[in-house]
Amino acid sequence: MKKESLRKIPAVNTLLESPVVRELLKRWPREKVVEAIRQELAALREQARVGGDPAITAEGIGRAVEEELGWRLEARLSRRNLRRVINATGIIIHTNLGRSLLPAAAGEALEEAAFHYSNLEYDLAQGRRGSRHAHLSELLKKITGAEAGVAAG
């Protein structure tokens, strides 16, 4: 272990005052910047403990922190919160697992509506603007026996 290398590693507060880190604080929450700084300093300490002589500058540490924060953001944005799981509970419709599964035909209809233009508010028979409620009103009347029906989202 090189004690002189460990002594070169600046304190978190010192780094927070550096120009590079001040710029980071304009774009990132303070607690995220401090957390990333602490991780970088821990990595530098470990490098010094195993005999390395890390090049230590406030700017270098700031750049490493900036890279780490950017990587975390990219990872967070690219990660989906909802993930496929296995329902081994024995309960078919389990509220903790989201919902009942949709039939394949419903999924295909959703895909068709989501990825292609449709006549949502256009009356093809009349050739003019229509109502989005018209698509379900007849079906709702048949299902419920009511005189009229509207589905709101």
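Throughout the tour, a residue is called buried under 20% relative accessible area, exposed over 50%, and partly exposed in between, with a 1.4 Å probe and protein chains only as cover. This is a predicted model, in which local features need pLDDT of at least 70 and side-chain atom pairs count only at pLDDT 80 or more, whereas totals for chains, interfaces and linings use all residues. Residues are numbered from 1 along each chain as its sequence is written, and side-chain values use heavy atoms, with hydrogens and water left out.

Select glutamate 66 and arginine 63, which both lie in helix α5, three residues apart, or about one turn of the helix; helices here are DSSP runs of H or I with at least four residues, strands are runs of E with at least two, and both are numbered from the N terminus. The two side chains form a salt bridge, with their closest N and O atoms 3.2 Å apart, where the term stands for a side-chain nitrogen of Lys or Arg within 4 Å of a carboxyl oxygen of Asp or Glu. Glutamate 66 counts as partly exposed because its relative accessibility is 25%, and arginine 63 is partly exposed as well, with a relative accessible area of 43%.

Staying in helix α5, select valine 65. Is this residue, valine 65, buried or exposed? With 1% relative accessibility, valine 65 counts as buried. For a sense of distance, draw a line from its C-alpha atom to that of serine 137: valine 65 and serine 137 are 72 residues apart in sequence and 57 Å apart in space.

**Two further salt bridges**

Side chains of opposite charge can pair when their charged atoms come close. Select arginine 132 and glutamate 121, whose salt bridge brings the closest N and O atoms to 2.5 Å. Arginine 132 lies in the loop between β2 (128-129) and α7, and glutamate 121 in the loop between α6 and β1 (122-123), so the pair ties together parts that are 11 residues apart in sequence. Arginine 132 is partly exposed at 45% relative accessibility, and glutamate 121 is partly exposed at 26%.

Next, select arginine 22 and glutamate 17, whose side chains meet in a salt bridge at 2.9 Å, N to O. Arginine 22 is partly exposed at 46% relative accessible area, while glutamate 17 is exposed at 52%. A search of the whole structure finds seven salt bridges.

**The largest pocket**

Turn now to the largest pocket, which holds about 550 Å³ of space. A pocket, on a 1 Å grid over the protein atoms alone, is an open set of points where a 1.4 Å probe fits, with protein on both sides within 12 Å along at least five of seven lines, and lining residues have an atom within 4 Å of a point. Of the 14 residues that line the largest pocket, select Arg84, Val85, Leu97, Arg99 and Leu101, the closest to its centre. The lining divides into six nonpolar, five polar and three charged residues.

**Exposed isoleucines**

Select isoleucine 93, in the loop between α5 (58-78) and α6 (104-115). Isoleucine 93 counts as exposed, at 58% relative accessibility, and its C-alpha atom is separated by 31 Å from that of leucine 120, 27 residues apart along the chain.

Finally, select isoleucine 143 in helix α7 (residues 134-144), which counts as exposed at 61% relative accessibility. Leu136, Leu139 and Ile143 form a nonpolar patch on the surface, with about 290 Å² of accessible area together. Such a patch is made of residues with over 30% relative accessible area and no salt bridge, nonpolar side chains (Val, Leu, Ile, Met, Phe, Trp, Tyr) being joined within 5 Å and like charges within 9 Å.

Note on methods
Accessible areas come from the Shrake-Rupley method with a 1.4 Å probe; for residues, only the protein chains shown count as cover. Grid points are joined across faces, edges and corners, and a volume is the space filled by probe spheres set on the points. Ala, Val, Leu, Ile, Met, Phe, Trp, Tyr, Cys and Pro count as nonpolar, Asp, Glu, Lys and Arg as charged, and the others, Gly among them, as polar.
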